[in-house]
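Hi there,

Here is the structure I promised to send over. Have a look at it first, and my notes follow below.

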Amino acid sequence: MTATQAGPVPGMRLNLVVWLGLMLLVVAEVALTYAHLSTAAQLAGLLSLAIIEAAVALLYFMHLKYERPLLFWTLIPTLVFTLVLMDHFWPDALRLLHLRLGAP
Amino acid sequence: MHDSEMTLGPGALSRAEESPYGIKSRKMAMWLFIIADAATFGSILFGYGYLRLGSPDWPRPFAFFPTILNAAVMTFILLSSSLTMLAAADAAQAGRRSQAVRWLAVTALLGVAFAGLHLREWFTMFGEGWSLSHNPAGGPVLFGASFFSITGLHLLHVTAGVVALTVMALGHQRGRFDAVHVETTGLYWHFVDLVWMFVFPLLYLMNAH
């Protein structure tokens, strides 16, 4: 695929394989939930699996893999940048947590 | 200025309007909507994250049966509906109109099944005393507020998607909507599925006991 041309869209056989892969990831998520991990480790594991699922769905189900690369580079870094900016609020939220007044 | 300088030659208009992304403007509009909507869901999921991690006594009320199993079945239904949506777009692209309409109808029905299971779960929770401002399990009342608002926003998207799929099926059958319309509707439906990939682990699995 060149920088300016979109590639051919995959057939239903590949879509079925991707669907099966996504189902396996969902099963892995449920298994991880009952693996008796700490909350932080559970969150990290579940988020990682969710991001992999979302990436696969974006690339194969939404055909982003087969569009011109310019579409990917216009949309996805913008979204990630926006979400990272939102993440800057995290430290402040945790600081506010420590400012809570105790129960009377 | 000569007349010849003011007149565009054959095909000039189409060349001038060609998108650098190589896609129709309606599909580009859907992509822009999806990115904006992803930022919306991202912000409310971050907000939920503040509450979840900032509250040591956050409840974990969901048992494997029925809640987690029910949510897993809902995930299976939504993922399967993405597959049937792809089949609809594939058939529309190949000019198999009646087959595309059938797959669109199956996708819409799977969406209805998802919404039905979701509403049944909601009403069960209402019956147990859960609401936007009440938490029968103890701990922060914001559990109900965040759970019902995030799943409610997602359910609203599913409902809008089912309406869009129905309109698309009827329009495609009559020849009013073409294959690009079907594919663009599919983009929206896959996005609804993609959002659920975050809602399921963060709101259900992280709250399983």
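A:Asn15 counts as buried because its relative accessibility is 2% (buried means under 20% relative accessible area, exposed over 50%, and partly exposed in between, with a 1.4 Å probe and protein chains only). A:Asn15 lies in helix H1 of chain A, residues 12-33 (helices are DSSP runs of H or I with at least four residues, strands are runs of E with at least two, and both are numbered from the N terminus). Neighbours within four places in sequence aside, A:Asn15 contacts A:Pro10, A:Tyr60, A:Phe61, B:Leu83 and B:Leu86, where contact means heavy atoms within 4.5 Å.

Before going on, a word on how to read this: it is a predicted model, where local features need pLDDT of at least 70, side-chain atom pairs count only at pLDDT 80 or more, and totals for chains, interfaces and linings use all residues. Residues are numbered from 1 along each chain as its sequence is written, chains are lettered from A and ligands numbered from 1 in the order in which they are written, and side-chain values use heavy atoms, with hydrogens and water left out.

Chain A itself has four helices and zero strands. Of its 104 residues, 33% count as buried.

Now to the interface. Chain A brings 43 residues to the contact and chain B brings 50 residues. About 4,200 Å² is buried between the two chains, with carbon and sulfur atoms giving 78% of that; buried area here is the accessible area (1.4 Å probe) that two parts lose on being put together, summed over both.

How many salt bridges are there between chain A and chain B? The count is one, a salt bridge being a side-chain nitrogen of Lys or Arg within 4 Å of a carboxyl oxygen of Asp or Glu. B:Lys27 pairs with A:Glu67 in a salt bridge, and their closest N and O atoms are 2.6 Å apart. On the side of chain A that touches chain B, H2(A) gives the largest share, 12 residues.

Last, the core. The largest nonpolar core has 91 residues, and B:Trp31, B:Phe147, B:Leu203 and B:Tyr204 touch the most other members (a nonpolar core is a set of buried Ala, Val, Leu, Ile, Met, Phe, Trp, Tyr and Cys residues joined through side-chain atoms within 4.5 Å). H7(B) supplies the largest share of this core, 17 residues. Sequence neighbours within four places aside, the contacts of B:Phe147 include B:Trp122, B:Leu203 and B:Tyr204.

Best wishes
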